[in-house]
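This report goes through one protein chain, element by element. Keep the sequence and the 3D view at hand while reading.

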Amino acid sequence: MASSDPHKPFDAIGMQPSGQDSAVHLQDAAESSQPWQPAPISHQQTAQDPEYTTLDEDDDEDAAQDLVSDSGFDSGSLLGDETDTLASSILNHRMENGRQYHAYRDGAYWGPNDELAKEILDFAHHMYLLTLDQKLFLAPIQDPQTILDCGTGTGIWAIDMADQYPSATVIGTDLSPIQPEWVPPNCLFEIDDVSLDWTFPPNHFDFIHIRELFGCIPDWDFFFQQAFEHTKPGGYIEIVEHSVQPVSDDDSMGPDHFYHTWGKVVIEMGKKFGKSFTIWEESAERIRRAGFVDVVVVDYKWPMNGWPTESKQKNIGRWNQLRLMDGVEGFMLRLLTQVGGWSIARAQLHLAQMRKELKSYRTHAYLPGTVVYARKPLSA
Ligand SMILES: C[S@@+](CC[C@H](N)C(=O)[O-])C[C@H]1O[C@@H](n2cnc3c(N)ncnc32)[C@H](O)[C@@H]1O
């Protein structure tokens with residue numbers, strides 16, 4: 001992760017002068033031992049391979065120009081002659097089975113980054129606000145000045161936090177440049193890989209926030225060690241994750257129910273991918289192991305549709321049904337076809353079966369989740 005002067009302003013995509021070189025990242029990706037890594041992208045491939053396109057075609061040409069002429073890119077900073085390649089690499093994307101995926105650290109993440117995928121992330125943000133009674137977090141932080149959102153997605157949480165704490169600097173990092181350009185001046189975005197070494201200053205952040213990085217991190221203990229090192233003594237970490245395996249508290253989901261198959265398949269794909277989907281039930285222990293104290297776990301439930309009678313859960317369930325109906329393709333298509341080796345036809349059949357089950361109100365199933373927060377000791 002790029003080292004950072006939190007008081008220096010950036011535009012929507014910020015690369016720090018002292019940050020890691022993107023070309024190095026792409027090289028790293030090529031050499032990684034991940035079970036599945038498509039070939040790294042080069043400029044030449046971009047020009048020749050129809051699978052690779054850049055966001056700056058047609059409508060986006062102006063936007064891309066803006067980014068290339070951004071002072072961070074053409075300042076002749078430490079990125080030197082490679083700045084042009086860097087900007088283009090970040091803006092590239094890969095088309096796969098009709099969906100658009102990130103190209104920076106190509107293959108590292110299972111989800112698309114197209115308009116539909118962004119909408120699904122924003123649905124989830126709405127669901128988290130419903131779940132947490134309109135709070136953006138639960139940790140008892142006081143007047144935070146330095147905030148990090150790891151894997152920020154559309155940046156919607158970071159933007160809301162920047163609005164809520166105008167004197168704070170909120171940094172959101174992600175592999176995909178899908179954050180809006182016009183954001184509060186105290187909200188900054190960086191395109192970076194949070195699973196690598198962080199080069200932020202040690203003891204720096206008052207608050208580190210992680211949400212839905214399931215299936216994204218190959219080594220969670222290393223990740224939490226990094227988070228610990230870069231949290232200020234007395235500062236907080238919070239991680240919000242949910243299970244991918246629907247469960248039920250009554251007998252409405254028998255042993256042969258498709259939801260069991262669904263859950264097993266996601267877990268299996270995560271294992272094959274080398275990035276597990278079970279962090280929601282492991283985070284408390286792993287955070288403690290990293291050195292954080294006063295660990296608090298708050299459980300929540302996301303019903304699969306509006307089956308509950310209680311109004312808050314019913315409302316969350318209705319949103320979850322919508323999110324899953326429109327979202328399951330993005331969640332699973334790459335994992336099933338590229339990681340699992342399934343044919344498109346088989347994958348689409350699996351997704352169709354899931355959509356069918358999501359319409360059944362007889363099954364009282366939900367996804368369990370946890371909000372876990374903890375403090376770095378003052379003495380650390
Ligand atoms: C399921 S989304 C969650 C987004 C956001 N945290 C939220 O709750 O709205 C996961 C995000 O993590 C990003 N991501 C995945 N692996 C990453 C990595 N190694 N470094 C940085 N971002 C990553 C993806 O690009 C995606 O935007």
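## Helix α9

In helix α9, the residues Tyr-259, Trp-262, Val-266, Met-269, Gly-270 and Phe-273 are buried. A residue is called buried if 20 or more other C-beta atoms, placed from the backbone, lie within 10 Å of its own. Seen down the axis of α9, these buried residues fall within an arc of 100°, so they line one face of the helix. The arc is taken from the directions that lead from the helix axis to the C-beta atoms. Two residues are in contact if their C-beta atoms, placed from the backbone, lie within 7 Å.

Helix α9 covers residues 258–273, and its 16 residues should span 22 Å at 1.5 Å a residue; the end C-alpha atoms are 22 Å apart, which agrees. The expected span is 1.5 Å times one less than the number of residues. Just after α9, Gly-274 has a positive phi of about 85°.

## Model and overall make-up

This is a predicted model, in which local features need pLDDT of at least 70 and side-chain atom pairs count only at pLDDT 80 or more, while totals for chains, interfaces and linings use all residues. Residues are numbered from 1 along each chain as its sequence is written.

The chain has 12 helices and 11 strands. Both are DSSP runs, numbered from the N terminus: helices are H or I with at least four residues, and strands are E with at least two. Of the 380 residues, 46% count as buried.

Val-170 is found in strand β5 (residues 169–174). Val-170 counts as buried because 29 other C-beta atoms lie within 10 Å. Its C-alpha atom is separated by 4.8 Å from that of Cys-187, which is 17 residues apart from Val-170 along the chain.

Pro-303 lies in strand β10 (residues 293–303). Pro-303 is buried, with 23 C-beta neighbours inside 10 Å. Leaving out residues up to four places away in sequence, Pro-303 touches several residues, including Pro-308, Ile-316 and Tyr-366.

Strands β2 (residues 92–96) and β3 (residues 99–102) run antiparallel and are joined by four bridges. Two strands pair if DSSP finds at least two bridges between them. Met-95 stands opposite Gln-100 in β3. The two strands form a hairpin with two residues between them, and Asn-97 in the turn has a positive phi of about 50°.

Technical notes
A residue is buried if 20 or more other C-beta atoms lie within 10 Å of its own, exposed if 12 or fewer, and partly exposed in between; C-beta atoms are placed from the backbone.
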